[in-house]
Amino acid sequence: MSHLDLWAKTAQGTNFHPVICHLIDTAAVCQRLLQLLPPAAIKQLRKGLDLSDAGMLAWVPFLAGTHDTGKVSPPFQFQESAVLDIAKQLGSGSLYDLWSKRPTVSPTIAKAPGHGTLTACTLPEYLQSWVDEELAAELAAIVGGHHGYIPRHEDIESITNASRQRKYHLGNSPESPQWRQWRIEILDALADYCGVKDADVPQQCDPAAAVLLAGITTLSDWLASNQTCFPPAGAKPNLVNYIDSLDAKVDATLKAAQWHKWQPHQTPLSFVELFDNQPRGLQEAIENLMPSLCGEPALLIVEAPTGEGKTEAALTVAHWNTSSGMPGAYIGMPTQATGNALYDRLKNYLNRWYSDQTINLQLAHSASALDENFSSSICRLEQIHEKDGKPSGVSASEWFVHRKRALLAPWGVGTVDQALVGILRTKHQFLRLLGLAGKTVILDEVHAYDAYTSRLLDQLVHWCGILGSPVVILSATLSSGQRQRLINSYAEGLGLVKVELPIAEYPRLTIYAQGKPQIDPSFNKDRLAEINQNKSIQIRWIEESQIDAQLNKGATAIIRSTVRRCQKTAKDYPKAVVFHSRFTQEHRQQKESYCLKQYGKPKSEEDPPRPPSLLIATQVIEQSLDVDFDVLISDLCPVDLLIQRIGRLWRHGRNNRSVPERVIYLISPKFGQSGLPSFGDDIEGRIVKGKYRPGVYDRHSLLRTWYLLRDRTSITLPHDTDYLIEQAYELDNSSPVELAEAGQEDWDSSLQAYRNYQTSLENQAEKCVIPSLKHYCYAENLTHRSVGDEEVELVTRLVNASMPLIVDVGNGKVICDHPPKKDEIRSVLTQQVRISSPSLVYALKEALQKQEIQVPKVWQSVTYLKDIPVLTVPASVGKYFITYDKRLGLLTHTETR
């Protein structure tokens, strides 16, 4: 028997696909992917390996193909499988006898290593014919990590430097020289196919190349593992004939994945051609800027009020880069709702720009299947990886819908979390970074995150710099400290030194390109839309009992900072519409559509005044929703978020309003005997019994905003924006008002607690992120923490424990009597509510453990549902009595039923 008899994948019965065939399959797919992936990403890979174009086209497919070298080993060939009896005949049966009679090993090392780790152990010897020992080991570990985790040095050395018993895993005993010989023969055949023997060789593997090579290897392996397109060749295939058939097989697997080449515009379209509108000041500034920036790494930070067209400005950047070797974009939004809304807009734009092509656009977040516009463009939910129909126009190619693949699509919209997973030391993170390489990355509402997620964002921007991807940051409110960190992160990712932040008044367009930061002087407050110039907002402080007096004056919104406050207020106004996070997905989408219809853009600036109406909501209307109110009433919140809320006040051009001036009515805090303001135990994050208890907002942030605004009767935007943000977030600034002794003590103690908490969040984030450029050593650190590091939960946001529920109100949409299929799955998921109240989550988990609530058994085979319990309401759960009301959402009562 020969190396042609070694199996890589089993098929029906005792048929199998040989190792050599799968390695060549993978290399062939990789060759094609190098033509389909963004040219800028491929250029970065070539540069990171220090290869010529020809060398890269030979070596990258070869290295990708070597990923399964570890399958040429006793533990893989002799594992329990349908072809074990055939494998036992290798070496006329002597090899299996030797394996089965190997010396006993200790229980701690009894388990055979995975074949990826064995690749990392065995491939370096072959690679050292071309490259030095260290580079050979690194390249072997990278391709050996194709199952998600790059093998660690210690794991490799525990095999290669271990006792004779442990080395039996490699087949390197003196009695079995065939394993080593077979590896050489297989790798020689692969090398001949790829042409590496006549090409220049890699001289290095920098961090960008490590990520890209790991991602391309995994991607090539996945596509080459489609047994419909690469049917088993069986034992002793004729390699000449097999290679002749490869082009058709690669075509078939790419077609099955709907991975096709598309043609960007060779010459960028004008803004008017893109959006059928004349550009506003910001948009014109960016359009004029792009000829000098397109196709090159650059960071743009856009700070402008709401309503200035920041999204279209960012898409202009992506369009110009698309025409210059950086095709596509990923837009990271703060919430699923804002991602859904932007998906619809971008889909329409892409249909307009590429009307004669099929464009792959993905919606990337955990509930994307619930969005009807998105889900209608993909196939069956319960069989998400199977081919089902041919897309036309802008569609979501179903192969990409898998959560690890979504960012690989040329165009994508979703939550920022999907991109942030790429910089966490977690399984397959390199696939997400591959998806961001060579395209424009747009991050919206970046001011909306806490210190933990902000640190992750900095690292994401840093790695975009390493990968050479352009980044556009959008925000209405950033502090100078945030701008400085973002610019430094990107500059250091490019391998350049930290830079000094340019000074300019708000609004600003800050650019970091070609090694230096600059402010575009053509965009300033005089270029803002008229409605945003010198916008005077009157501030009126009211008690909660005075809300009623401010109603019936036009389109009015009340923004409360918690769901419970929102529901309580809504009970006082039975005709008001209510919108918060504790509705079913079905009702949330209905509420969002209502808001956009009722409070969206007018047909004309001369539309008549709107009749009185009332929306009572939480922060869900604070960001990205294009809604406009005549009157705004709000709980106090940190000043940057308050500016966001003010952005919903007189947002659109309307010449006829029911009120004469912009007024925001702020609900005053309460005051105890100490005279100190209390913002509510349900809101404040503060020290409780010597330990910091996180809240909706930190007490010190609220204090700063309170003292900053309590004596003001108005603010003028954008004139006051910088002052307000810097006073609120530059912590070295003292209180804006003189404080009595008790007030100063409160200020100082809350400041210290806030600093400590922010530091703890940043430190926690530091333990989760992959290394920066200057701290990068080996690729293994992309998916593993260093030895001795404490275990931490790898998450993109630190939030209170939350729990999804399917709420069954008896409307027939929750299917529990059979495994749901197709639209039934979507029907069930529309009844999902996510609970974040810690005490309620605890009670629900306890009830689940006691089987008082359950996941239906028939859901175990349905990926989207198998972990979500059903709560049939009304229900008693612990101390809670839970009901659901279509108007008010999920309600909890702790009183006796």
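In this predicted model, Phe62 is in contact with Tyr126, Leu127, Leu187, Leu190, Ala191, Cys194 and Val196, when neighbours within four places in sequence are left aside. Phe62 also belongs to the largest nonpolar core, which has 140 residues. Within that core, Phe62, Leu443 and Ile473 touch the most other members. A second, separate core contains 85 residues, among them Ile547, Ala576, Leu625 and Ile853.

Two of the residues in contact with Phe62, Leu190 and Cys194, also take part in the packing of helix H11 against helix H1. Two packed helices are described by the angle between their axes and the distance between the axes. For H1 (residues 19–36) and H11 (residues 178–194), the axes come within 10 Å and cross at roughly 25°. Because this angle falls under 35 degrees, H1 is roughly parallel to H11. The crossing of H1 with H11 is right-handed. On the H1 side, the contact is formed by Val19, Ile20, Leu23, Ile24, Ala27, Ala28 and Gln31. These residues meet Ile186, Ala189, Leu190, Tyr193 and Cys194 of H11. By residue class, the contact of H1 with H11 comprises eleven nonpolar residues, one polar residue and no charged residues.

Arg834 lies in strand S25, which spans residues 832–835. Its relative accessible area is 42%, so Arg834 is partly exposed. Not counting residues up to four places away in sequence, Arg834 touches Ser802, Met803 and Pro804. Between Arg834 and Gly144 there are 690 residues of sequence separation and a C-alpha to C-alpha distance of 38 Å.

Key
Residues are numbered from 1 along each chain as its sequence is written. This is a predicted model: local features need pLDDT of at least 70, side-chain atom pairs count only at pLDDT 80 or more; totals for chains, interfaces and linings use all residues. Side-chain values use heavy atoms; hydrogens and water are left out. Axes are lines fitted to C-alpha atoms, for helices over the stretch in contact, and angles run from 0 to 180 degrees between N-to-C directions. Helices (H or I, at least four residues) and strands (E, at least two) are DSSP runs, numbered from the N terminus. Angles under 35 degrees count as roughly parallel, over 145 as roughly antiparallel, 65 to 115 as roughly perpendicular and the rest as oblique. A crossing is left-handed if the near helix is turned anticlockwise from the far one by less than a right angle, and right-handed if clockwise. Contact means heavy atoms within 4.5 Å. Ala, Val, Leu, Ile, Met, Phe, Trp, Tyr, Cys and Pro count as nonpolar, Asp, Glu, Lys and Arg as charged, and the others, Gly among them, as polar. A nonpolar core is a set of buried Ala, Val, Leu, Ile, Met, Phe, Trp, Tyr and Cys residues joined through side-chain atoms within 4.5 Å. Buried means under 20% relative accessible area, exposed over 50%, partly exposed in between (1.4 Å probe, protein chains only).
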